[in-house]
Structures are given as C-alpha cells and as structure tokens.
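Welcome! Please take a moment to look over the sequence and the 3D view before you start the exercises.

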Amino acid sequence: MEPAVRIDHLTKVFKVPSLKGQRVTAVSDLSLQVAPGEIYGLIGPNGSGKSTTMKVLLGLIAPTKGTTAVFGQDSRKVRSRVDVGFLPENPYFYKFLTAEETLHFYGRLGGLRKRAIRERSKELLALVGLEHARDRRLSGYSKGMLQRIGLAQALIQRPRLVVLDEPTAGVDPAGSRKIRDLILKFREDGISVILSSHLLEQVQEVCDRVGIIFQGKLCREGPMEALMAIEDQTEILLERASPELIARVKALVDEDAQASLLRAGHPRTTLERLFLEETSGESPDTRGGSQDA
Amino acid sequence: MHNLAVYRHFSPARVGVLARNTLTQLVRMRAFYFLLIFSVIVLVSALLIQNFTFDPARQLKIMKDMSFFAMSMFGTIFAIVATANLIPKDVEDRTLYTILAKPVPRFEYLLGKYLGAMLVIVLSMAVMMLMLCVVLYLRQQALLTEQQALLDAGAPHAEEIAVVIDELKADGPSTSLITAAAAICLQAMVLGAVTLFVSTFASSGLFTVVVAFMLFFVGYIEPVVVDYWRGSMESLGSFANACIHVVELIFPNFQSFNLVDDVVSGKTLPLSLFFKILGMGLSYVVVYLLAAYFIFADKEL
Amino acid sequence: MTKARWIACAVLVAFGVIRIPIEDRLAADLKAHQFHEMTIPDGSMREQLGQLGAAAALGGFRSFLATMFELNAIAAYRESDYANVETRYQLVTQLQPSESGYWETAAWMMDSNARRFYLGMDNEVDVKAQGKRGLLAQRAVERGRRFLDDGLRYHPGDYKLQIALGNHLVERQRPADFCGAAEAFAKAIEARDDATLPTRHHALNLALCPGHEREAYVKLRAIAERLVRGDYPIPLDQIPASLILHMRYLEEYLKIAEDDRFPINLDVLRRLYARLRPGFDPATNTDERHAHVLRRLEDVLAIPEGDRIRF
C-alpha cells in the first residue's frame with residue numbers, strides 16, 4: 001500500500017540574503033513515512049525544520065535534494081495536492097469573507113462543484129462547531145475560531161492526508177481540546193495526519209507515531225509506546241498518594257542497592273523529558289542549522 | 001471514503017473563482033469607493049464648470065476631457081497600487097499557503113489574481129463610461145434644444161447657429177469615444193501585468209509601486225523623445241543609438257494606447273487600427289504574465 | 001540571479017525585439033490617421049507647464065491640460081487681463097493645435113475682445129496706458145491675426161478659421177483686403193455643404209475686389225433669387241441689407257440695363273435703412289462694408305444731403 005507521506009533523503013538549503021551568499025541548511029537528509037490512517041507528530045524546537053519539511057511536502061518550496069510524495073504523487077506536481085488539506089500556523093484567511101464564503105472559495109479551488117460544497121460546508125461547520133458564525137466575516141473571528149475554520153477549509157475536498165502546522169498555537173485550552181478531539185476523529189475516519197507541534201502533551205495524546213526533529217535532522221522516530229517505554233525504568237502510577245506514603249516509598253528505594261528514584265510527579269511529561277534529552281545534547285552554537293558558505 | 005475532487009491541469013473555473021475572490025476583496029476595500037467618488041466629483045464639476053465657456057460645443061469637450069482624465073487617473077493608479085499588493089498581501093497573511101496547498105497551479109493563481117484586479121478596472125471604467133455617455137447625451141440634447149429654439153424663434157445669425165448645431169451633433173457619445181475608453185482600459189491592463197511582474201521579485205510593495213510608476217512614466221515619454229531625436233538629429237552616434245535601443249527594449253511603449261487626446265478633438269480611429277492596438281496590448285499582457293509566472297513558479301514561499 | 005529570472009529577462013528581451021518593429025509601424029499608422037501629432041514642449045512652454053505638466057502633456061493628458069488652461073484663460077478674460085489671456089491661449093493652442101476651435105477663440109479674444117478693451121469701447125474701466133491705447137489695440141489685432149495664421153497652418157481648410165480670417169481682413173485690417181477676404185470665404189465654402197454664410201460674404205467681398213465685379217454680381221444675384229424663392233436659411237425680413245445694396249451698386253457699376261436688373265422693392269430698402277441708421281456711428285464703426293452699405297443705401301433712396309451720415 002502506498003504510504004500517505006513518503007519523504008526520501010530530503011535536504012533543503014536556503015540562501016540567506018547577505019553579501020557573502022551564505023547558505024543555511026534547514027533540513028538535511030531527512031526520511032520518513034506516514035502510513036495511511038496514521039497520525040504522525042513531528043516535534044522539534046523553533047527553527048528545527050518542521051515547517052520547511054511541511055512546505056516541501058505541500059510543494060510551496062522545492063527540495064534541494066531528495067523527494068517527497070503524497071500517496072505516491074510527487075509533491076512538486078500540483079495534482080498531489082488533491083489529497084492534501086493544509087492548516088498553516090496562525091492561519092489568516094480573507095477577512096472580508098464569511099465562513100461560508102471561505103469554504104466555498106477553498107472548495108472551488110479544491111475542484112468541488114457548488115452543490116457538493118454546500119453540503120460539505122454544512123457538515124464541516126457542524127463538525128468544527130461554527131454553525132452559529134457561518135454568515136459572519138472572518139475579521140470578527142477569534143484565534144480559536146480561525147483555527148477551526150482553517151481545519152474545515154483543509155478538509156473541504158475530503159483529503160486523505162491532513163497537514164497541520166502547530167494547530168493549537170495561540171489557542172486557549174478549551175479551543176485546543178476541541179482541536180484535539182477533531183484530530184482524534186480523523187483517525188476514526190481513516191484520514192492520515194501529519195502534524196507539527198512543540199506542545200508535546202498534545203502530540204503524546206493524539207499521535208500514533210512521533211519523529212523528533214532537531215537542526216534539520218530526524219533524531220528519533222518510532223511508535224509512541226516504543227519511544228516512551230524505557231527498558232531499565234519502571235513507572236509506578238499511584239492514586240491519592242499521601243506525602244507520607246511517597247516518603248516511605250522513597251525510603252524503601254533508598255534501601256535497595258541497585259534501584260534509584262529518578263523522579264516523582266505527573267507521568268504525562270515523559271515525552272517532554274525525552275524531547276529535552278534529544279534536543280539539549282548538542283552544542284548550542286549550531287542551533288538553527290549548519291552553515292556552509 | 002472517496003475524494004470528491006476532480007483535478008484538471010488547467011481549470012478556467014478555478015481561475016474564475018480566484019478572480020471573483022480578488023474582485024470581492026477589492027470591492028470590499030474602501031479605497032475603491034474613494035476612487036469612484038473621485039470620478040463622480042470630476043463628472044459633477046464638469047457639469048458645473050460649463051458656464052465658463054462661450055462655445056456650446058466646447059462644453060461637451062470639457063466634459064469629455066474631465067471624464068477621461070478621471071478614468072485615466074483611476075485606471076493608472078488602481079492598476080499599479082491594487083496589483084502591486086495582490087501577492088505581497090497574500091504572502092504576508094499566509095493566505096497564499098492555503099491557496100497553493102489546494103490543487104491550484106501557480107499560473108492559475110497569478111492569472112486569477114490579475115483578472116480579478118482587471119475586472120475591477122474594466123467594470124468601473126464601464127460604469128464611468130456609461131455615466132459619461134448618459135451625461136454627455138443629456139447635455140448634448142439640452143444644448144441642441146436650446147439652439148433649435150433660438151433658430152425657431154428667428155434669432156439673428158441663423159447660419160451660425162446651424163454650424164453650432166452641426167458641431168453639437170458631432171460631439172455626442174460616439175464609438176470613437178468608446179475606443180478611447182477601451183484604450184485607457186487596455187493601458188491599465190498592460191500596466192497591471194507589468195506591475196504584477198515587478199511584484200513577483202520585488203522586496204516590498206512600495207518598491208513595486210515606485211518601479212511600476214517609473215516604467216509607466218518612461219514608457220509613455222520615451223517613444224515621443226526617441227521620435228523627436230530621430231527627427232531632429234539625422235546622424236546620432238552609434239552609442240546613442242544603442243542606448244535608445246536598450247531603452248526601447250526594456251520599457252513598454254505606452255504611447256500606443258494614447259488615443260484620448262486625439263479622439264476628444266474629434267478624430268476617428270479606423271477599427272482595423274484599433275484592433276492592432278488591442279492585439280499589441282494583449283501581447284504585452286500575455287508576455288508580462290508569462291515572465292511573472294517564470295519568476296513566481298520558482299519562488300520559495 | 002536565479003535561472004527563472006534569466007528566463008523572464010530573456011522572454012522580455014525577445015518580446016522587445018519582436019514588438020519594436022511592429023510598434024514603429026503602428027506609430028506610423030497612427031500618424032497617417034493624424035493621431036499623435038504631438039510636439040515636445042519647447043523652452044517657454046515647458047516653463048509655463050512646469051516639469052510635471054510637460055510630462056503630463058506627453059502622457060495622454062494634453063487635451064485635459066488644454067481644457068484647464070482655457071478655463072484659466074477665460075478667468076483672465078473675465079478680469080480683462082489680456083496679457084494673461086494671450087499667454088494662456090498660446091499654451092492651449094500649442095497643447096492641442098489639432099483643436100481648431102482653440103485657434104479661433106484665441107484670435108477672437110485678441111482681435112476683438114482685447115482690441116475693444118484697449119480702445120475703451122465697452123468698459124468704464126480706465127485703461128491705465130491711456131497714451132498707448134491705439135498701440136495696444138493694434139498689437140492685439142496683430143496677435144489675433146497671428147493666431148489665425150498659425151491655426152490655418154494646422155487646419156488649412158477649416159470653416160470657422162477661414163471665416164474668422166475673412167472677417168479679420170475686412171473688419172480689422174487697414175486698409176481692408178476685400179480680395180483676400182473673398183478668397184478666405186471661398187475656402188470656407190468648400191468646408192461645408194450649404195455654406196450660405198461664406199457664400200454670401202464671398203460674393204459681397206468679391207464685389208469690392210477690383211476686376212471681379214461681374215463674377216460677384218452673378219453670385220449675388222443667385223443668392224438673391226434663392227432668397228426670394230424662400231429657399232434660404234434666414235427669413236426674408238432679415239435679409240442682409242448689404243446683399244441688395246451691393247447688387248444695386250454692381251448694377252450701376254456694370255451699367256446693367258434697367259430691364260435686366262434684379263427687381264428690388266424700394267419699400268424694403270427704406271425699412272432696411274431705417275433699421276440700420278440709428279445703430280451706426282461713423283466714429284466707432286470698423287466695418288468698411290457696413291459704411292459702404294449705408295452710403296449706397298443713401299444714394300439709392302436719394303436721402304437729402306442734410307440727413308445723410310457724415311463720414
């Protein structure tokens with residue numbers, strides 16, 4: 001079966017506007033695949049190459065080396081975009097359009113007929129919970145609402161792959177929860193998702209597989225559970241543990257010759273820990289890409 | 001689940017959607033109304049200023065001059081300013097990402113944006129032209145009735161009144177006025193394509209506007225100056241000649257679209273010549289859009 | 001520079017190479033249809049227009065600028081500032097020489113309005129240069145003539161300009177040039193179908209042009225017959241007196257037999273004389289034809305010597 005996303009040895013070098021003609025390698029030799037129906041999280045700090053990778057995948061920029069493909073179609077071909085829905089980071093749509101007009105516009109661009117769009121936008125507005133604001137111009141929308149109309153827009157032509165760049169950036173917790181639920185619904189519908197985020201908590205909640213990208217390279221990749229499971233560590237999850245009980249556990253561990261207590265706290269930060277491990281090991285002076293003049 | 005979309009390599013429908021969207025955008029922008037109000041002011045002032053002249057036929061000329069001036073200004077300014085910001089604004093607002101992430105070829109995007117802006121120009125020109133024709137016709141009829149009444153009342157100088165009547169009859173709305181307006185439109189369209197081309201590689205909207213105005217300015221004056229040099233100085237140095245050729249190559253020749261001055265003074269352009277000018281203008285549009293596409297297709301967004 | 005930019009440049013240059021010969025041909029075609037006969041604004045004109053105005057003049061706004069400057073000239077006229085009227089109209093006519101009406105108005109402004117003003121004919125306003133009145137008036141007439149001549153160089157067969165020239169030659173020029181006027185009116189006749197006015201003036205002036213009396217008589221008689229038939233754009237009671245009188249004069253001059261003369265009702269002539277006489281002042285009259293007519297009329301009607309106009 002054709003993978004939803006296939007990225008083969010992708011390298012992207014940008015020319016920096018300067019007198020010396022400096023170049024910055026944003027992505028270097030990156031390969032990854034997203035299976036159909038899979039939700040893939042691409043995580044990394046700012047400037048690590050997440051957005052660049054996504055832009056190449058969408059044909060917005062051309063790869064310097066390597067190839068990217070969506071369901072087997074080369075990203076450089078416009079046709080490959082039929083199967084993609086994209087939500088950029090902090091999306092701004094045409095403020096002079098209403099929600100319904102926006103969906104109509106993107107639906108037509110996606111190649112839908114007017115009637116199909118009418119039905120589909122009804123469906124999507126219900127899905128993202130914007131039925132009440134359908135006739136309002138987007139200039140009056142909040143950030144969370146824009147993000148949701150962005151999602152609806154991305155889904156209009158029923159793409160088999162959805163690309164989400166920081167889908168919850170700047171959205172309040174309630175809004176980001178709604179978006180998370182929507183992503184989970186994609187899985188039910190068999191839609192593949194590739195999303196980038198630095199909100200690790202969320203990635204952990206929704207993704208099947210995660211890739212950690214740093215300085216343009218994919219440093220770790222794997223299924224969520226595999227990444228999380230650490231062979232020589234054991235996690236004990238307690239409920240309603242009193243401080244006294246924790247103190248006693250600590251004492252008990254101290255008695256043991258081999259074992260040591262690493263940490264006591266909320267378990268959800270494991271990915272965050274992993275992330276920090278992967279991204280703080282390198283020397284800080286090469287952050288943001290290597291330079292080869 | 002099956003994908004609903006049908007993809008075609010070139011789809012006029014998509015171009016149409018983009019054009020309509022741009023039209024909506026520009027129409028919902030206030031600046032557009034401001035320019036229309038400007039033209040209305042000019043038309044109204046054209047009516048008020050009539051009392052100034054003695055020659056009834058000259059009143060009609062004043063109206064035409066004022067209106068064509070308004071149309072030229074509107075067309076030129078709008079073609080440059082509106083087109084210069086089409087792409088930068090989409091890049092800045094990141095709407096371009098969402099559009100190109102749909103199955104939309106970049107050429108269609110450019111074409112759609114361009115056509116949308118041109119649609120605004122053509123539509124408003126048509127409105128202004130209609131306004132001019134109506135006002136001109138009404139004024140012409142009023143003046144004719146006035147002169148005829150003088151004639152019927154047995155006023156002296158009947159023969160001179162007859163001449164005035166003939167002049168008035170010739171100065172009403174005519175097809176040559178429409179060719180002049182069409183030439184203004186065509187000029188705006190060429191200017192729009194040139195501006196769009198500049199905006200594909202410009203670093204800022206201001207840069208685009210300045211360069212486009214310069215191209216327009218030089219492109220207008222250059223043919224006249226070159227003509228003058230050639231006429232007045234028989235033997236130009238080979239260096240000067242080479243310079244002239246370079247200038248001619250770089251700057252579009254906007255003088256070809258300048259019909260207004262002569263049409264207003266009553267000259268008629270043969271239709272065949274008008275079609276040549278039309279062909280010239282459309283070639284400019286096609287070539288500059290193509291050049292814009294080459295740069296835009298390669299652009300890293 | 002990226003490859004794409006090179007390609008774009010190449011496309012534009014290639015287009016330039018193709019289009020330039022076509023554009024040259026187009027420019028020639030336009031000139032052949034009297035389009036784009038523009039002139040580069042010369043030194044004094046540039047000065048008046050300013051750089052921006054000069055550029056606008058080349059950029060498709062000549063007609064508009066001409067209109068603007070004419071309004072300016074008319075404003076100056078309303079304040080009897082004829083020095084400015086003249087310079088403004090110079091600009092207007094240079095901006096749009098193809099508009100014959102501008103030349104005609106400019107000439108009329110100078111040889112009629114400015115002249116009258118300097119002579120103090122219809123203004124109570126004190127002309128400051130009292131001692132130079134005549135000189136100024138004469139200069140205004142010359143300026144008017146220059147506008148006419150320049151205009152006629154652009155529009156050799158223009159109806160209005162030829163009529164203006166014809167009138168100028170007899171009404172403003174001293175001594176009057178009847179032959180030249182007749183020629184000018186002849187040219188105006190060619191410019192219009194049923195040009196009754198220049199036809200009449202042509203014949204009237206020809207009557208006073210030595211050696212053309214017989215020709216003039218034939219033409220005047222044809223007009224008179226048309227008038228009597230009612231086939232004329234002016235009513236019979238507005239018949240120009242000059243027509244009948246010139247005819248009568250020519251009949252005398254050419255010694256035409258009584259029976260062959262055009263029958264003229266003396267009563268009509270008496271009414272004409274009564275109409276013309278009160279408005280005539282030999283001190284201010286400038287139209288020699290007018291004086292001529294009245295003198296003939298007095299002869300024909302045998303007005304007693306004491307009642308006649310003293311020239």
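Two exercises with worked solutions follow, both on a predicted model.

**Exercise 1.** Work out which strands of the open sheet in chain A stand at the edges.

*Solution.* 
Step 1: Begin with the strand order, which is S2-S1-S4-S5 in chain A, with antiparallel pairing.
Step 2: Now look for strands with a single partner. Strand S2 (23–34) and strand S5 (73–74) of chain A each have just one, so one side of each is left without a neighbour in the sheet.
Step 3: Follow one pairing. Strand S1 (residues 5–15) of chain A runs antiparallel to S2(A), and 8 bridges join the pair. In S2(A), A:Val24 is the bridge partner of A:Phe14.

**Exercise 2.** Describe the contact between chain A and chain B.

*Solution.* 
Step 1: Count the residues: chain A brings 40 and chain B brings 34.
Step 2: Turn to the area. About 3500 Å² is buried between the two chains, and carbon and sulfur atoms give 60% of it. On the chain A side, A:Leu60, A:Tyr94 and A:Leu109 lose the most area to chain B, together 20% of what that side buries.
Step 3: Look for charged pairs. The interface of chain A and chain B has 2 salt bridges. The side chains of A:Lys12 and B:Glu300 form a salt bridge at 2.6 Å, N to O.
Step 4: Find the elements involved. S1, strand S6 (84–87), helix H2 (99–109) and helix H4 (143–155) of chain A each give two or more residues to the side that touches chain B. H2(A) gives the most, with 5 residues.

Notes. Residues numbered from 1 in each chain as written. Chains lettered and ligands numbered in written order. Predicted model: local features only at pLDDT ≥ 70, side-chain atom pairs only at ≥ 80, totals over all residues. Heavy atoms only, no water. Pairing = 2+ DSSP bridges. Helix = DSSP H or I, 4+ residues; strand = E, 2+ residues; numbered from the N terminus. Contact = heavy atoms within 4.5 Å. Buried area = accessible area lost by both parts, 1.4 Å probe. Salt bridge = Lys/Arg side-chain N within 4 Å of Asp/Glu carboxyl O.
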